[in-house]
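Before you read the points below, please take a moment with the sequence and the model.

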Amino acid sequence: MTTHSTRVVVGVYHLTKSFGKQFVLRDINLQVANGEFVFLVGHSGAGKSTLLRLIYMDDFPTSGQVVVGPYVSTRMQRSIIPQLRRRIGIIFQDFKLLEDRNVFENVALAMRINGTPMGEIKRQATDILTRVGLYHKRYEYPPALSGGEQQRVSIARAVANRPAVLLADEPTGNLDPVVTRSILDLLFKINAGGTAVLMATHDLDMVKSFGQRIIYLEDGRIKRDKEMIYVGDLRERIAESKVGREAEELGDHDLSDRQEE
Ligand SMILES: Nc1ncnc2c1ncn2[C@@H]1O[C@H](COP(=O)(O)OP(=O)(O)O)[C@@H](O)[C@H]1O
Ligand SMILES: [Mg+2]
């Protein structure tokens with residue numbers, strides 16, 4: 001029996017995943033605490049996306065288990081997957097927005113699915129779109145937005161149900177340094193509000209200067225799990241980081257008002 005304290009939002013225990021004869025993840029053990037920000041770093045093919053997918057329970061381990069709040073992968077039923085998904089937000093490199101729905105509808109849909117009343121949906125969607133700086137674009141459709149704006153919509157959608165943890169799979173993979181900086185800044189802001197974040201990236205250079213916990217994944221194993229050095233609001237660190245300096249060189253001085261493209 002696995003035990004874990006109530007402060008653990010994601011627990012992964014002796015997890016192994018294979019596809020046929022290929023072992024993609026081997027004996028993975030990790031815990032993400034309430035409110036923590038963790039980078040999951042590894043080369044392409046290391047198993048990052050697979051691990052996130054197993055945490056989201058879009059697929060299941062070959063052996064071992066994933067625990068998210070009260071939900072345990074080995075005891076999961078299809079009927080309770082929607083309840084689990086309310087505790088987890090997820091964003092991807094390619095945004096995965098519904099292109100035939102406007103910004104407001106993309107955010108509202110996540111709440112409508114779990115039966116939130118319309119008045120509450122409007123209030124909450126307004127609040128979250130304001131926080132990501134896109135309320136004025138609520139009637140636009142995703143193809144009319146820049147990459148950075150689309151990612152901000154997908155972040156708004158992912159946190160609309162106030163999840164305990166946000167999973168981010170290479171969220172800045174398609175974005176230039178200035179926009180990357182603004183997206184990291186937004187993720188740090190969401191984290192400062194109490195949401196745990198687990199962000200996968202292949203770009204160690206981008207994240208190492210934050211002094212934050214980094215889990216190194218190599219060939220499906222955890223090579224190293226660097227302890228957290230910096231405790232606090234990560235937004236204070238961004239200017240000193242590599243991505244912060246790159247953005248600065250490109251002449252970015254005002255993140256909130258910047259017009260992307
Ligand atoms: N559904 C699948 N079927 C077979 N192999 C897969 C599947 N998903 C991932 N893999 C393999 O698992 C390995 C890890 O992939 P992935 O988790 O996408 O790595 P990363 O996100 O770190 O680049 C790769 O070799 C990939 O080909
Ligand atoms: Mg991947």
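## Notes for a new reader

1. Ser63 touches His14 and Thr16, when residues up to four places away in sequence are not counted. This is a predicted model, and the points that follow should be read with that in mind.

2. Ser63 has its place in strand S4, which covers residues 63-68. The C-alpha atom of Ser63 is separated by 9.1 Å from that of Ser18, although these two residues are 45 residues apart along the chain.

3. Is Ser63 buried or exposed? Ser63 counts as exposed because it has 12 C-beta neighbours inside 10 Å, and a residue with 12 or fewer is placed in that class.

4. Around ligand 1 lie Phe19, Val24, Gly42, Ser44, Gly45, Ala46, Gly47, Lys48, Ser49 and Thr50. By type, the residues of this shell divide into 6 polar, 3 nonpolar and 1 charged. Helix H1, which spans residues 48-55, supplies the largest share of the shell around ligand 1, with 3 residues.

5. Which residues does Leu198 touch, not counting residues up to four places away in sequence? On that basis, Leu198 touches Val10, Val32, Val38, Leu40, Val165 and Leu167.

Definitions and conventions. Residues numbered from 1 in each chain as written. Chains lettered and ligands numbered in written order. Predicted model: local features only at pLDDT ≥ 70, side-chain atom pairs only at ≥ 80, totals over all residues. Helix = DSSP H or I, 4+ residues; strand = E, 2+ residues; numbered from the N terminus. Buried ≥ 20, exposed ≤ 12 C-beta atoms within 10 Å, placed from the backbone. Contact = placed C-beta atoms within 7 Å. Near = placed C-beta within 6 Å. Nonpolar A, V, L, I, M, F, W, Y, C, P; charged D, E, K, R; others polar.
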